[in-house]
Amino acid sequence: MHSEPYRQPPVAPVLYLKPRNTWIGNGDGIPLPPGVEQVKVSGTLGVVMGRTACRVAASDALAYVAGYTIVNDVSIPHDSYYRPALRERCRDGFCAISSALASPEAVPNPNQVEIRISINGRACGAASTATLVRPVERLIADVTEFLMLGAGDVLLVGELPDAPLARAGDRVRVEIAGLASLENPVVRP
Amino acid sequence: MKHARVAYAGALHDATPADGGVRLTDGRVVAEDAVVWLPPIQPRTIFAVGLNYADHAKELSFQAPKEPLIFLKGPRSICGHRAQTRRPAGVEYMHYECELAVVIGRTARNVARSDAYRYVAGYTVANDYAIRDYLENYYRPNFRVKSRDGATPLGPWLVDTADVPDPMNLRLRTLVNGRVTQEGSTCDMIFDIPALIAYLSEFLTVDAGDLILTGTPEGLADVKAGDDVITEVEGIGRLQNTIVGDDLFHIAG
């Protein structure tokens, strides 16, 4: 992070947006783009906002949360984080979102959540939100300091450190204790 | 035809230009400064293009890019004509960017350059403010620079494509407190509108209501609280904005 082109570690959250064309639901196929053999699949916790959150203090942040969901943030593997990675991150169907919303009561501490990912039934990645650079409350505060979130917006807390790769025909399942699971096949359209 | 969304006397209206002001949905004509101007559309996905004028790329010490540099902006970052935009305290360099904004009219996937204009619903003006102090080298230009609440004025009008015979030959300019600080022409874009639509739709689906901010020419300058900033695009509109300081954004209590 200290070498070119980055020069120093990030100060603000490194944000990117998964636009509407990327959204799919539980069970929907993740389409492999032409010429792409494998995609990175990263289970993550989706924080679903319950009301407009603008310049929210970390100490108040969880009061703006309607609940939590499971998201599979798909991308084409890429090494450079210098420029926005639309071609790698914003393909159609590259963001699977479970429609099941777990209440805040079901997730008493979003910073102690285990995320597990498996491909074809074989466990291949896990992480705890306890290892996030920013706890969820801090993330909401740092984002809404300049960019308000609205009811229904989903804030993805971050990629798995060692997100696995999946190929056509693979079934990718993301599980978070206390939440329903999310499963999507990778398909060659 | 030109269309705007305005609020007047507590009600929302679809407005059109009229002699002496704007015509409301119910036919009344009221003064331009008697209405609150909302963004002419509520965009779905906002695509923005960086370094799309050779002179501006040079100004920022960059080689002209070989493929378009596209970034996304949060749809909540927009505001309307005559809005106030906040300059945070302690910031050294905040600049405007006058841009032609393209509103997509229908689903576009793998569109050929020659067909691209068929997917355009119309045009408006954007001022894509940036706060350079917050520039970091991760997914640059990062959200904190470019996707800020109320820091992307849009409007005043959405102009139908039929009224813009040649969008690639329009003069752009910015005036700060009445003085021209930025001038250019859309004819100098590195990637023109058909190229941008073809490029994007080759790898993702662009859809009705999506917005493409096509980049800005050279002539950037710092703006301070109290500055009156007008970005205008020939035949499309004249978009006014006022910079305000943190004192107006103080959170009481």
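N110(B) counts as exposed, because 10 C-beta neighbours lie inside 10 Å. On the scale used here, a residue is buried if 20 or more other C-beta atoms lie within 10 Å of its own, exposed if 12 or fewer, and partly exposed in between, with C-beta atoms placed from the backbone. N110(B) belongs to the loop between strand 11 (98-104) and strand 12 (120-127) of chain B, and has a positive phi of about 50 degrees although it is not a glycine. Helices (H or I, at least four residues) and strands (E, at least two) are DSSP runs, numbered from the N terminus.

A9(B) is located in the loop between strand 1 and strand 2 (11-18) of chain B, and its 10 C-beta neighbours inside 10 Å are why A9(B) counts as exposed. Most residues other than glycine have a negative phi, and most peptide bonds are trans.

## Confidence and conventions

This is a predicted model, in which local features need pLDDT of at least 70 and side-chain atom pairs count only at pLDDT 80 or more, while totals for chains, interfaces and linings use all residues. Residues are numbered from 1 along each chain as its sequence is written, and chains are lettered from A and ligands numbered from 1 in the order in which they are written.

The model comes with an ipTM of 0.95 and a pTM of 0.96. For chain B the average pLDDT (the predictor's confidence in each residue, from 0 to 100) is 95, and 96% of the residues score at least 70.

## Where the chains meet

How many residues does each chain bring to the contact? Chain A brings 30 residues and chain B brings 26 residues; two residues are in contact if their C-beta atoms, placed from the backbone, lie within 7 Å. On the side of chain B that touches chain A, strand 7 (69-73) and helix 2 (143-146) of chain B each supply at least two residues. Strand 7 of chain B gives the most, with 4 residues.

That side of chain B is made up of 11 nonpolar, 7 polar and 8 charged residues. Here Ala, Val, Leu, Ile, Met, Phe, Trp, Tyr, Cys and Pro count as nonpolar, Asp, Glu, Lys and Arg as charged, and the others, Gly among them, as polar.

## Two domains in chain B

Chain B splits into domain 1 (1-38) and domain 2 (39-249), with bounds from an automatic or database domain assignment. Their centres, taken over C-alpha atoms, are 24 Å apart. Between them, 7 residues of domain 1 of chain B touch 12 residues of domain 2 of chain B. On the domain 1 side, strand 1 (2-8) and strand 5 (36-38) of chain B are the elements that give two or more residues. Strand 1 of chain B has the largest share, 4 residues, and the domain 1 side divides into 4 nonpolar, 1 polar and 2 charged residues.

Elsewhere in chain B, D133(B) sits in the loop between strand 13 (130-131) and helix 2 of chain B. Because 13 other C-beta atoms lie within 10 Å, D133(B) is partly exposed. Its contacts, leaving aside neighbours within four places in sequence, are V91(B), E92(B) and Y93(B).

## A sheet and a helix in chain A

Chain A has an open sheet of 5 strands in the order 2-11-10-6-7, with mixed pairing; two strands pair if DSSP finds at least two bridges between them. Strand 2 (30-31) and strand 7 of chain A are the edge strands, each pairing on one side only. Strand 6 (residues 114-119) of chain A runs antiparallel to strand 7 (residues 122-128) of chain A, with 6 bridges, and S118(A) has A123(A) as its bridge partner. These two strands form a hairpin with 2 residues between them, where N120(A) in the turn has a positive phi of about 55 degrees. Strand 6 of chain A is also antiparallel to strand 10 (residues 171-176) of chain A, joined by 5 bridges, and I115(A) stands opposite I176(A) there.

Which residues of helix 2 (residues 136-144) of chain A are buried? They are V136(A), L139(A), I140(A), V143(A) and T144(A). These residues lie on the same side of helix 2 of chain A because they cover an arc of only 115 degrees around the axis, the arc being that of the directions from the helix axis to the C-beta atoms. Their cover includes strand 3 (38-49) and strand 8 (154-156) of chain A.

## Two cis peptide bonds

In chain A, E4(A) and P5(A) are joined by a cis peptide bond with omega about 0 degrees, and P5(A) falls in the segment before strand 1 (23-24) of chain A. In chain B, the cis bond is between G155(B) and P156(B), with omega about -5 degrees; P156(B) is part of strand 14 (residues 152-160) of chain B.
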